[in-house]
Every structure is written in structure tokens, then in C-alpha cells.
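Q: Please take me through one part of this model in some detail. Here's what I'm looking at.

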Amino acid sequence: MPQPMSPHFVFDIAHLLAGAMVLISLMMLYQDRLPALIKVFALQAVALAASVAWQAYAHDAPHLYVTAGIAILFKGLVIPVALHRMVARLGIHRQVETALATGPTMLAGIGLVGLSLVVMLPVTATSDPLAREDLAFALSVVLLGFLMMVTRRNAVSQIIGFMSMENGLILAAAGAKGMPLVVEISVAFSVLIAFIILGVFLFRIRERFDTVDVDALDRFRGGRA
Amino acid sequence: MSLPSILLLLATPALAAALLALWPSWRSGAWVNVLACTLAFAGALGLVVHRPDSGPYILVDDLNIVFIVLNTFVALTTAVFSATYIAHEVETGRMTPANLRVYHAMYQVLLFGMNMALVSNNLGVMWVSIEGATLSTVLMVGLYRTPEAIEAAWKYFMLGSVGIAMALFGTILVYMAAQPVVGEGQDGMVWSVLVTRVQAFDPALLNLAFVFLLLGYGTKVGLFPLNAWLPDAHAEGPTPISAVLSGLLLNVALYAVLRFKLLLALNPGALAPGPLLMGMGLASLLLAGVMLYRRRDIKRLFAYSSIEHMGLIAFAFGIGGPLANFAGLLHMVMHSLTKSAIFFAVGHVAQVKGTQKLSEIRGLTTSHPALGWALVIGVLAIAGLPPGGVFMSEFLLVTSTFAKPFPLMLLALPLVAGLLIAFGALVLKLSGIAFGEPTPGTAPVKASYGPLVVHLALVLAAGLYLPAPLVAWFQHVAKLLG
């Protein structure tokens, strides 16, 4: 590096990348086809990888590059490809069933982003400035992931909501300066484990119902209090 | 001396899980399972005798040793019960040998996760362990592959992972609060380091962290309003899993909440964690108490009773003070022992009757006297009738609430109301189950009475007489909890 970068530039890039993740989370909310949703999820994984890599560079924490690599390889490539195959094999690349229409969902999403800014910014006023806004963005991504899990009835979209939530958590963990690597790797691992387990579930659901619509499960609740 | 104990506690379940995943015969697999649990229990007892020094990863102190001993003991007795239980399930074709390999391996993974979470000094490792334990139970809840079981497992997984995500966010926030004071890296996650420096942490950040942690781990404890997964997960999985879920996993999650409560209590600027715990505890108690009346499924009935009792325990730790904390600890131990005993009995009852519907289970004391009366004793004990140990802890809790200064003592009213509501519901349901004309399904039952008798005997003995060293130990821990 010929000359040290101004701290403003470092913040701006970090915020740009983290902000992009929030934006992509909002984009996911209005995708109504599974293949498109999976592509947007892959895009978020790329944004996450870039964001984590930038944190690694700015904080001079080389171990974070590993986290960035895991994000781009597993979440940006392996998982989307696998999901695409699953969706194609199950023949569910039609409309996504949503429990709530797109308009109200987007409004709720914007509300959640506002909420996380209001909650996080005053609390983190004294912490490391690079981590501060990142944490607010990360909470937004987590909450939008929740929202996605709540408003979608389709099992594949719920999985994507869950993984997008984990993206937010990794963003937060990467933003916390010097947080031990143990945690980040285990987070990545648990996502993988979660994925395998969910895969097993989907397989079973498919086996029994010929559908992965979680609504189909609810039919069996009748008569049991 | 101390190193082997820790190894027994952690390495045995880990190795046993790998071994059991490959073990060809389920019959001998069940006894390998029991053997592994015995070794882990021996490890826990070893820790009582000789305690290792705490390092960055391992911490054994007065608080978690109670949990560790209880945890490994109930895991052992449940493994014995499970051996008889699964033999019947294989006969009726509900479980296959391949299923059982997964079942036994996951049982040990669960045990490993819980033990690891309890002895871990690192908050990150604790989080990973609890997540691992949760995932293993998700697999076991879905084991029967019926639509209901898959739905229950899905719901459990979704709510559990939301809880777990919140807990991780809270853990990250704790690290953020610690980092300016403790410095970067490993130390910022080590509980025993944090607890000595927590006075200087930023209170606002710590408060926010605790809210996330309470909601996150509180989901796993089954506290209102995050309890929706619990009845389904208990009702649809194999009964030994209901016993370890109620008796153990809920306690481990509560233990995590207690660790963070201790941190917060030491920071002068942070909010008092007590009222939050008290509020959630009372709400769980009252809600579950009312819900008990409308249950039609025997395992769901006792699952709601677990929500009620976890609410009581959270309330006890929330109100604080040496007496209430003592009551909370005692209640936790008594609830674990009694509730798992009840599930042992219920497991055999459901097998012999071929149903879990309360309306189809009647007159047990006539058709199966031993099982029926054991269930009667267990349910009366959990409902809080003397001389059971649960009566003593509930009595202590109510009196210690009354002993608080004026506005706080009023909380004793909803507390007593909740206890009475739940008592009424349990006695009402019990009279139907135990007495009257027996329903079909009167074949003799091949039950394992050992675990059942041991648990109930311990509970009754504790209600009549608690050994002085045990009381002194609990009092010491209660003081630690503040």
C-alpha cells in the first residue's frame, strides 16, 4: 500500500457493503419465484463475503478471510446449486406462497430496518466506529431473515430465510473486532449442519406428502389440542 | 485425577456417538448407550471429588457441578428406561434397526452437547454446544416420521433456530461490551475473565445483550411467549426423548441464562435482570396452568406441566435472594427427577394402551397396579403434594416471596394462584387416568421399574429429609447466585 487510506474511506466501503446486504435482504422479500429467490440469496452471500473480507483487510485480521472464503464457497455456490437442483427435482419452481402480500411485507421490512437502527445506534455510540453501523446493519439482516421465515409458507423459502439470518449473524461477528475464530468457523459449520438436517427433513416431507409446502403439514393438526 | 474426570464426561459421549452410529445390533447398542452414560456419570462424580482448575475453555465451579451431576444421572436412568422402551417399539414396528442407530448416536451427541455447554468457560463454545444439542433432539423428535412428528420437528427446528440466532447475537453483543475493557481476542469470551471485569462494561450494550440472550435461550427453556415448540416436540418424539428434553435440556438452557444474569448483576449501571425473569416465569406458570385443563394427549399434558415448572424456576431465580435461589435450585432438581419419572411411566402406559389420548387411558390402577400407582405418586409429587420434594421447594418459594418487602410480596398471589390452578388440573386428569373402569389394552407390561423407583424414591426422600452437606452446598450456590 503506497499511502495509508483515510479512515473515512474505510468506513464508507464497509458501510456500502453492509448496506448492500440489507438491500438484498429487502429484495428477497419481494421475490415470488423460488429460482429467483435462490439467486438473490447467492448474491447476498457474495456481498457477505466482500463485507467480511473488507473487515479482514481493515482490521488486519487475516483469519477473517477464511470466513469470507467459506461464505462465498458454501453459501454463494454450493448451497444455491444444491437448492436449484432440489427445486427442479421437486417441480416447485412456480409461484411462492406467501402468508402476507408483498406490499405489507416490504413495509414491515422497512419498519424492522428502522427499528434496528433506532435500537443499535445509541447503544453502540461509544464502541469502535467501524463496528457500530455494521452491527445495526447486521441486526437488520437478522430481523429481515426472521420476517422471511414468518411470511413464507414454503419450506425452501423458510430455509433461505434462515440462512439469510445466519448471514446477518456472521456480519455481526466479523464486525466485532478480534472476536475469536473459533466462533466464526463453528457458525459456518452449524449452518452446514443445519442445511444437512433440513435436507433430510425435506426428503422426508417429500416422501410423505409430495409437497414441501409447510401448510400441508398443518392439515394434520386437526383434532389434537 | 481431575483430567480423567473431564475426559470421561466429554470424551465418552463423543466416542460413544461415533461408535453407536456404526453399531450393528440395536439390542447391544442400547446397553452400550447405558455403559457410556454410566462412564459419564462416573466422570461427573469424579468432578465433585476433585475439581480441575479453570482454564480458558473449562470451568467447573459450585454452580455448574449441580447441573452436571443431575444431567449425567438422569441421562443414565433414561438410557436404562430407553433399552426396554425401544424393544417394544421395535416389536410393534414403529422403529427399525436403522432408525435406532441414529437414535442412539444422537442420544450421545445430545449428552455431549449438554455436558460441553455446562463445563464450558467460553461463551462461544457454550453457544455452539447448546445448538448442537438442539439439532440432535430435532432429529430424534422427527424419528417416527409420522406427519405429526415431522411437523413437530419442523416447528421445533424453526423456533429453536430463531432462538439460537438471538442467543448468538446476544453473545456477540457481550463480546462487544467486553472488548474495550478486556481487550481483543480469546479473553473477551471467557466467562471467568468477564465476571471479574464486568463492572467497567458499557451498561447499555450489556442490557441489549441480555434481552437477546434471555429471548434466545428462553426459547429453549420454554418460557412464555416462546413455548410453542415444546408440547409438540414432547408429544411426537420417542418418550425417552421427552424425558431428557424436560428433565435436562431445558435446565441447560436455563443454566446459560443464569450465567448471563450473574454477569449483569455485577454491573452497577445495567438493568436488574430479575424482573424480566420474574415476568416471563409468572406468565409461563399461569398460561401453562390454564392450558393444562384442555389437554387431550397424555404427553402434551406433562409437556405443559414442564412449561409451568420452568416458569416457577425462572421466577425463583428472578426474585433472587438466598432463600428463593435455594428454592429454585431445589425445584429444578426435583422437577427433573419427578418429570422424567413421570415420562418413564407414561412411555410404558402409552405403549400398553397403544394410544396417547387421555380419553382412551382409564383405570390404570386396576389394570396395571404397579405402573398406575407409580404414575399416581409421580403426578401427586409434581403437583406439589407433601411429602414430595416439589412441595418443599414450592413452599420455600412461596414463603420467600411473602417475606419480600411490600410491593414485591404481592407477587405471591399470582404465584399461589398459578400453583393451585395447575394442581387442580393435574389431579382432575389423574383421577381419569388412574381410576374407574379400565379401557382396552390390559395386557401385562414389560416395564423397567428400576429408573422409575429410583427417581421417585429420591424425590420422596428429599421431601422428608435433605442431608446437611447437600443443604449447605445448595445454600452456598444460592448465595453465589445473588
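What share of the 482 residues in chain B is buried? And where does B:Met392 sit?

A: Heads-up: this is a predicted model, where local features need pLDDT of at least 70, side-chain atom pairs count only at pLDDT 80 or more, and totals for chains, interfaces and linings use all residues. Residues are numbered from 1 along each chain as its sequence is written, chains are lettered from A and ligands numbered from 1 in the order in which they are written, and side-chain values use heavy atoms, with hydrogens and water left out.

Now the chain: buried residues make up 65% of the 482 in chain B, buried being under 20% relative accessible area, exposed over 50% and partly exposed in between (1.4 Å probe, protein chains only). A compact globule with 482 residues would have a radius of gyration near 23 Å, and chain B agrees with 21 Å (taken over C-alpha atoms; the rule is 2.2 Å times the number of residues to the power 0.38). The C-alpha trace spans about 65 × 55 × 45 Å along its principal axes.

As for B:Met392, you'll find that residue in helix H16 of chain B, residues 389–402. Chain B has 20 helices and 0 strands; these are DSSP runs numbered from the N terminus, helices being H or I with at least four residues and strands E with at least two. B:Met392 counts as partly exposed because its relative accessibility is 24%. Leaving aside residues up to four places away in sequence, B:Met392 touches B:Leu330, B:Ala462, B:Gly463 and B:Leu466, contact meaning heavy atoms within 4.5 Å. B:Met334 is 58 residues away from B:Met392 in sequence, yet their C-alphas are 9.6 Å apart in space.
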